[in-house]
Amino acid sequence: MIFTRRGLVAMFATIGLMTAGGGAVRALESDAAKAHVQASVDDVMAIVRSSEDTDAKAKALEAVMEDRAAMPQIARFSAGLAWRDMTDDQKERFTKAFSHMISVVYARRFQTYSGETVTLGDVDDGGRRGLIVSSLVSQTSGAPIAVDWLVSDRPGRTVIADIIIENVSMLLTQRDEIAGMLKNNNGDIDALIDQLEAI
């Protein structure tokens, strides 16, 4: 089985959804941006390639997100306008449930992995957004897939702010998915959180 676009989203989303928050712009160097992407890819690929079961992979993924990701900012962006309607307790519950959902769903999708590799390329200036690290993802069948990594240090530390696969933003994709889930729950935030926790 080839690693489909859905599989690529699974493999990269946990490291791509690092932060949606703003902050002061710092002097991020190209070498540092590229090194951060490589280290992040290595961490996730080690989990993907492991022989552990899905539950173990999910726990490992969640640990990576806790270590590398600013989960409150990720959750806030993914919740969209609903975030402002949440109580403090709901925001805390949503953030934890969102992290749980990401790790479990993507760990399940990792089963489509069949030996693909990621090769990093040039680093371009993305303006105030940060630096863009290009890469090619090999496939066992078919042409390589272009993947761009937006790296920023605006939160005060280096993070991957977004990943663009075939011109599709992973941040926006996740936000759309949460919006759809909320709509299916008739706008009930507690029901949305319960659904995320149950995954």
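Asp 194 and Arg 93 are joined through their side chains by a salt bridge, with N and O 3.3 Å apart; the term covers a side-chain nitrogen of Lys or Arg within 4 Å of a carboxyl oxygen of Asp or Glu. The two residues belong to distant parts of the chain, Asp 194 to helix 7 and Arg 93 to helix 5, and are 101 residues apart. Helices here are DSSP runs (H or I, at least four residues), numbered from the N terminus.

This is a predicted model, in which local features need pLDDT of at least 70 and side-chain atom pairs count only at pLDDT 80 or more, while totals for chains, interfaces and linings use all residues. Residues are numbered from 1 along each chain as its sequence is written, and side-chain values use heavy atoms, leaving out hydrogens and water.

Arg 93 also meets Asp 190 in a salt bridge, at 3.1 Å from N to O. This pair again links distant parts of the chain, from helix 5 (residues 88-109) to helix 7 (residues 189-198), 97 residues apart.

A further salt bridge runs between Glu 197 and Arg 93, whose closest N and O atoms are 4.0 Å apart. Glu 197 lies in helix 7 and Arg 93 in helix 5, so this pair ties together parts 104 residues apart in sequence. Through shared partners, the salt bridges join Arg 93, Asp 190, Asp 194 and Glu 197 into one network.

How accessible are these residues? Arg 93 is partly exposed at 23% relative accessibility, where partly exposed lies between buried (under 20% relative accessible area) and exposed (over 50%), with a 1.4 Å probe and protein chains only. Asp 190 is partly exposed at 33%, Asp 194 at 42% and Glu 197 at 41%.
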